[in-house]
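Please view the sequence and the model first, and then read on.

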4 protein chains.
Amino acid sequence: MEHQELYTDLALEEREKYEKEVEISGVKIDEEQSEELKMTITTVEIVNQHGERAMGKPKGKYITVESRLLKENMEKLQREFSEQLKEVLLKVVGKKSRGRVLVVGLGNANATPDALGPKVTEKINVGEGVLCIAPGVWAQTGMETFDIVKGVVEEVKPDLILVIDSLASRNIRRVTTTVQITDTGITPGSGVGNHRKGISEASLKRKVIAIGVPMVVSGATIVNDTMEKLLGILKMVKKSSGWMEVLDGYTQEEKYQLFEELLSEETEQTFVTPKDVDEIVENLSVVIAEAVNRFCHEWVIC
Amino acid sequence: MEHQELYTDLALEEREKYEKEVEISGVKIDEEQSEELKMTITTVEIVNQHGERAMGKPKGKYITVESRLLKENMEKLQREFSEQLKEVLLKVVGKKSRGRVLVVGLGNANATPDALGPKVTEKINVGEGVLCIAPGVWAQTGMETFDIVKGVVEEVKPDLILVIDSLASRNIRRVTTTVQITDTGITPGSGVGNHRKGISEASLKRKVIAIGVPMVVSGATIVNDTMEKLLGILKMVKKSSGWMEVLDGYTQEEKYQLFEELLSEETEQTFVTPKDVDEIVENLSVVIAEAVNRFCHEWVIC
Amino acid sequence: MEHQELYTDLALEEREKYEKEVEISGVKIDEEQSEELKMTITTVEIVNQHGERAMGKPKGKYITVESRLLKENMEKLQREFSEQLKEVLLKVVGKKSRGRVLVVGLGNANATPDALGPKVTEKINVGEGVLCIAPGVWAQTGMETFDIVKGVVEEVKPDLILVIDSLASRNIRRVTTTVQITDTGITPGSGVGNHRKGISEASLKRKVIAIGVPMVVSGATIVNDTMEKLLGILKMVKKSSGWMEVLDGYTQEEKYQLFEELLSEETEQTFVTPKDVDEIVENLSVVIAEAVNRFCHEWVIC
Amino acid sequence: MEHQELYTDLALEEREKYEKEVEISGVKIDEEQSEELKMTITTVEIVNQHGERAMGKPKGKYITVESRLLKENMEKLQREFSEQLKEVLLKVVGKKSRGRVLVVGLGNANATPDALGPKVTEKINVGEGVLCIAPGVWAQTGMETFDIVKGVVEEVKPDLILVIDSLASRNIRRVTTTVQITDTGITPGSGVGNHRKGISEASLKRKVIAIGVPMVVSGATIVNDTMEKLLGILKMVKKSSGWMEVLDGYTQEEKYQLFEELLSEETEQTFVTPKDVDEIVENLSVVIAEAVNRFCHEWVIC
């Protein structure tokens, strides 16, 4: 099974591979709930190399705001989520530092599930201390997104970079219901479009905060999930013992071949996305743009 | 298993439920190939009620033009496909009748896989004898698409209606590689968006030709396909005998429950679409609009 | 001088042809001011045929909300204007009648100064009692806009039709600073795009309220205004007496020829619009859509 | 009278200030005609400082392709114009040099008359040797366009930069009928949007070719033109002697004040553009994108 099929951009989902009670050295986890907004805020912090290895993600903070209401078109709710996200941004960035912000909307404005970044940038109140760019994707520019961002950063020298992107998650339930804010930037190989070079503090020499929402799961993930579920169900059913033995007889490699068979070439090149993704992207872009605008209002000095 | 999960808009796929050699009373089938365009044109004709029942589709002609090259951005190829599609249109409509045409682009311009219809209408050369409308979808208008189309048709009284729509197919391999042209209109319950009332000669009292391209399969289809494939593979493998017995032991109802389990609520509300769907929709809209423009040039009299 | 050059969609501007103190039989006028919103609301009511002839507009109410702040991107202000416009709508429509609303956004979404109507419809909360359509323009559909609207109206039978359109004014100062709400519908020959058949209660047998914002003046108007101003200035200057005599010597027909000379063929086919028209249209569409949404919330019953 | 009012981006129009027969030292001019395409190609070459001063433009080649047919939607014609423009590009760039190209589409995709650049970039076939960016405008990004372009150029190091932009001309007749190709880049203070820092070989250390089409004249130009025409007409008419004396009596400063009076504040912030600018921009973007694609096909090596 390729790396990509099990890939998730969400630290939260990496954490979920392990049972909740298991403590992982180098990984702190904290959770708060809001009944009213039906919201869970989870903070995963990877503090050392052991944590990095266990999670397959770089050191840093990953704060996840989850709510089924996030994607709804309700003005009052949207403002409350914006306020929550602004607070998370201030917490991650720190209130002491201040300066100019470059907002980067990654993704392809023409492909609805990948349009979140460009749709947010359209709604940013730009001005002297708030800069904004939607660099497009390779198929539009022939350039690595990273190269465009790096060139612009070196020219305009912002103090902080906020990157907004559509992510891939491993669980269809997280799609469009989760915002992840992290100080580790956007890691390569991920997301809806592939932004291959990482946009991060390491590569840009400036604080980089990434705001991401999973908008798709890969077609491969759905196939994988189906098989896993089938296994899970059959395990519970007595009758299925016969088959379980069968799969037990498979080596890891044989299982891999089986999965390859199940996954047609065409499916590998697909993604799975909600039917009303156009409305959802629009609604989410309102919430996130408002959060960024509020954050900039408090944080930016020209 | 709900009706929808196994639903396909393509008559060709309905036909494929039966083995190729089996003759179905009331259904004629004919196939031609073009080596150069890597193209297969299949004509399925349902001639009587027996055929209708066997195929679950109304009487009429269903001509399918299939080629992996259809979606490519190659000007010379695109023109050849447009010419082929124009010929199919002339064949289905008949050259003898002539008159005014209303081109209807169904679908949601803001949701990339559902944007084919509106994208085609943008490229139609409208004029005295060529009328054109993109009525939008329920979420945009609050109205049944059919009501808008019917209202316009009764006002402008065209002699022929060409309806372009994004379809759903059952097989991911057909997605974006197949154009179906039929004189039966758009049947209800289908496609990417749900146009619930049928747009057809029966409902509009005018010849209606539908031009459709499958752009998605439902998330449910992928899950179903995976299960079917797994079954198929295991059937071939000796070792799997144990499991087969298990499923053999299931009643139809138990199998249905198993599938329900496999299919999460979220997955039901998804569709699966190619990663580069934005470019594909653009390319296909060029081919189809050019075919319609050529057809109108020959057929329309003001 | 052609009719069109002196044409204005605003009853207010027709009224301004006459001096303020002059009472016109059959035309009532009323004005209120809001200091805070820097807003003037003017109600022109044409009550009989004499008024119709004097004003060149059909009997009915024309309420104009004017403010230089209308086009600004300030959330709090925008909400106040929306509330004001909603109140005007309720006043014109009457609170007693209730029912279903069809919102019609006239104009061409691809031509920025003509995109107000379609941009408003995008932001309408459609639902069972709130229907919405952007019928496009002749160049896109090959059909009279009126025919599309009439067809849809006869099919869905709304109780009230709200038509939003970009208007032409005679005075560049009114462009983007004025909203006219009238119960007389959209009169033919007017506006940015030419919707030749009138959309009105007379033609649709339903109450029709038009909401219009002047977005352009014609190139011809600018030329005319320049000449008029020049005349005005020279009149005041002693030295200019020589020239005044000259023009005094001209017959009406000679003046017409002079104007024709001044107006190149290319200029006739132009319009004049603010440089930042894209932002202005977006901001105005927010205010008007919110006003319509609030109105529907109070008025609509399914 | 401000500089801007008389400003033109077209060297051809600067040349027209002088009578055709007058030879200007340091400025070469050459003209060819094509009867079939109703096309005139004019090459203005500024060879030294005297020419620069006389023309108010930097040294270099300015090739203008003019035809009323340029903006038409006729496939065969469009291809011929693309071929012509490609030849001009090859002539200006030189066939000997070869390398990688960065295509830059300046302007605001949301304001139709300023959308030419972004609309061209959408149609460029990007790939290893062909890079492409639409940097947006200040109101969208908060950044000088030049800074974005410079940053990207320093990162991706193209051998040649092609900049496409909407221009301002002084003559409404040139609007949408003229393409200017120059090796002097885009000069500051110009065009529809104001790109204040120049994008040129001097500032980017790479060959920069600008492709521009005038899409607007300023409102101020129309007012100015009207006054000039009026003067011209009255000069010819005997009767007008009286007025001429009047203006003869005006000092330069008084004339300036008169013009200021004629030009309202609102008019200064406007531009004048053809009513069907949306279709024209689309058609022109097809011609120019095809020209650039053909040029790249011959010139680019990866």
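C:Arg79 and A:Glu75 are joined by a salt bridge, in which the closest N and O atoms are 4.0 Å apart. Here a salt bridge denotes a side-chain nitrogen of Lys or Arg within 4 Å of a carboxyl oxygen of Asp or Glu. The model is predicted, so that local features need pLDDT of at least 70 and side-chain atom pairs count only at pLDDT 80 or more, while totals for chains, interfaces and linings use all residues. Residues are numbered from 1 along each chain as its sequence is written, chains are lettered from A and ligands numbered from 1 in the order in which they are written, and side-chain values use heavy atoms, with hydrogens and water left out.

**Chains A and C**

Across the interface of chain A and chain C, the rule finds one salt bridge. Five residues from chain A and five residues from chain C take part in the contact, where contact means heavy atoms within 4.5 Å. The area buried between the two chains is about 260 Å², and carbon and sulfur atoms give 8% of it. Buried area is the accessible area (1.4 Å probe) that two parts lose on being put together, summed over both.

**Salt bridges in the whole structure**

Over all chains, a search of the whole structure finds 61 salt bridges. A further example is the pair A:Lys86 and A:Glu83, whose side chains meet at 2.9 Å, N to O, in a salt bridge. Both A:Lys86 and A:Glu83 belong to helix H4 (residues 75–93) of chain A, three residues apart, about one turn of the helix. Helices (H or I, at least four residues) and strands (E, at least two) are DSSP runs, numbered from the N terminus.

**Helix packing**

| Helix pair | Angle | Axis distance |
|---|---|---|
| H4(D) and H13(D) | about 50 degrees | 8 Å |
| H4(B) and H13(B) | roughly 50 degrees | within 8 Å |
| H7(B) and H7(C) | roughly 120 degrees | within 7 Å |

Axes are lines fitted to C-alpha atoms, for helices over the stretch in contact, and angles run from 0 to 180 degrees between N-to-C directions. Angles under 35 degrees count as roughly parallel, over 145 as roughly antiparallel, 65 to 115 as roughly perpendicular and the rest as oblique. H4(D) and H13(D) are therefore oblique to each other, and H7(B) and H7(C) are likewise oblique.

The crossing of H4(D) and H13(D) is right-handed; a crossing is left-handed if the near helix is turned anticlockwise from the far one by less than a right angle, and right-handed if clockwise. Residues of H4(D) in this contact include D:Phe81 and D:Leu85, and those of H13(D) include D:Val287 and D:Phe295. By class, the contact of H4(D) with H13(D) has eleven nonpolar, three polar and six charged residues. Ala, Val, Leu, Ile, Met, Phe, Trp, Tyr, Cys and Pro count as nonpolar, Asp, Glu, Lys and Arg as charged, and the others, Gly among them, as polar.

H7(B) and H7(C) also make a right-handed crossing. Among the residues in contact are B:Ile148 and B:Val152 of H7(B) and C:Ile148 and C:Val152 of H7(C). The contact of H7(B) with H7(C) divides into six nonpolar, two polar and eight charged residues.

**Backbone**

C:Lys157, a residue other than glycine, has a positive phi near 50 degrees. C:Lys157 is placed in the loop between helix H7 (145–156) and strand S6 (160–168) of chain C.
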